Amino acid sequence: MKKVTANLLIILISLTTFSCIIKSSSYQPCTVPKTNLEVLTFRGWKVDKVNNLVDGQKKLIFDRGSSLITAKNNYSNVRIRFSINGMMSLVNPNNEFETGNWRFANNETQIESKKSDQKDYLSVTVDKLDITRLIFTQKENNSTQQYEFIPE
């Protein structure tokens, strides 16, 4: 039993070590993001799912792993990267690159952002933020959409 436990421990250590190697084959210390700021800015995010929310019910309009993708609701290209200095960059559904600013608001329960060509910040409610998923809800006019992002 001790040998099995030791082997399992060696495998876990090896996986942790290899997960810290970046694409350029150079090594960097393995840091696990802990704060919301660290989690949000640790890497880029890509859209996984988009739901319309109507009367508390979700209506799936995009799913990266599904055949629901149509020309009208293709979010496959959408990417966003938040920088620790308050800058952001994104690729919109039309595959166009945009930049802007972002900040946390209301005890990090909201993200406010504005693209470079916008005057005012837009606010979204953070439903979930951890190293595997970013989910936020955006209300615009009479519509509410929930965006689910996964790390790139």
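Strands, like helices, are DSSP runs numbered from the N terminus, a strand being a run of E of at least two residues and a helix a run of H or I of at least four, and two strands are said to pair if DSSP finds at least two bridges between them. The model on screen is predicted, so that local features need pLDDT of at least 70 and side-chain atom pairs count only at pLDDT 80 or more, while totals for chains, interfaces and linings use all residues. Residues are numbered from 1 along each chain as its sequence is written, and side-chain values use heavy atoms, with hydrogens and water left out.

**Stop one: strand β1 and its partners**

Select residues 45-54, which form strand β1, and then residues 57-63, which form β2; the two run antiparallel and are joined by six bridges. Two residues lie between these strands in the hairpin, where Asp 55 takes a positive phi near 55°. Within the pair, Val 50 stands opposite Phe 62 in β2, and Asn 51 stands opposite Leu 60 in β2.

Strands β1 and β9 pair in the antiparallel sense over seven bridges. Strand β1 is also joined to β3, again antiparallel, by two bridges, and here Lys 46 stands opposite Arg 79 in β3.

**Stop two: salt bridges**

Stay on Arg 79 and show its side chain, which forms a salt bridge with Glu 152, the closest N and O atoms being 2.7 Å apart; the term means a side-chain nitrogen of Lys or Arg within 4 Å of a carboxyl oxygen of Asp or Glu. This pair links distant parts of the chain, since Arg 79 belongs to strand β3 and Glu 152 to the segment after β9, 73 residues apart. Glu 152 is exposed, with a relative accessible area of 52%, whereas Arg 79, at 24%, counts as partly exposed; buried means under 20% relative accessible area, exposed over 50% and partly exposed in between, for a 1.4 Å probe and protein chains only.

The structure holds six salt bridges, and another to select is that of Arg 103 with Glu 112, whose closest N and O atoms are 2.6 Å apart. Arg 103 is partly exposed at 38% relative accessible area, while Glu 112 counts as buried at 18%. Next, select Lys 128 and Asp 130, whose side chains meet in a salt bridge at 3.6 Å, N to O. Finally, select Asp 48, Arg 133 and Glu 148 together, which salt bridges with shared partners join into one network.

**Stop three: the largest pocket**

To find the largest pocket, select Leu 90, Lys 115, Phe 136, Gln 138 and Tyr 147, which lie nearest its centre among the 28 residues of its lining. On a 1 Å grid over the protein atoms alone, a cavity is a set of points where a 1.4 Å probe fits but cannot get out, whereas a pocket is an open set with protein on both sides within 12 Å along at least five of seven lines, and lining residues have an atom within 4 Å of a point. The volume of the largest pocket is about 640 Å³, a volume being the space filled by probe spheres set on the points, which are joined across faces, edges and corners.

By class, the lining has 15 nonpolar, eight polar and five charged residues, where Ala, Val, Leu, Ile, Met, Phe, Trp, Tyr, Cys and Pro count as nonpolar, Asp, Glu, Lys and Arg as charged, and the others, Gly among them, as polar.
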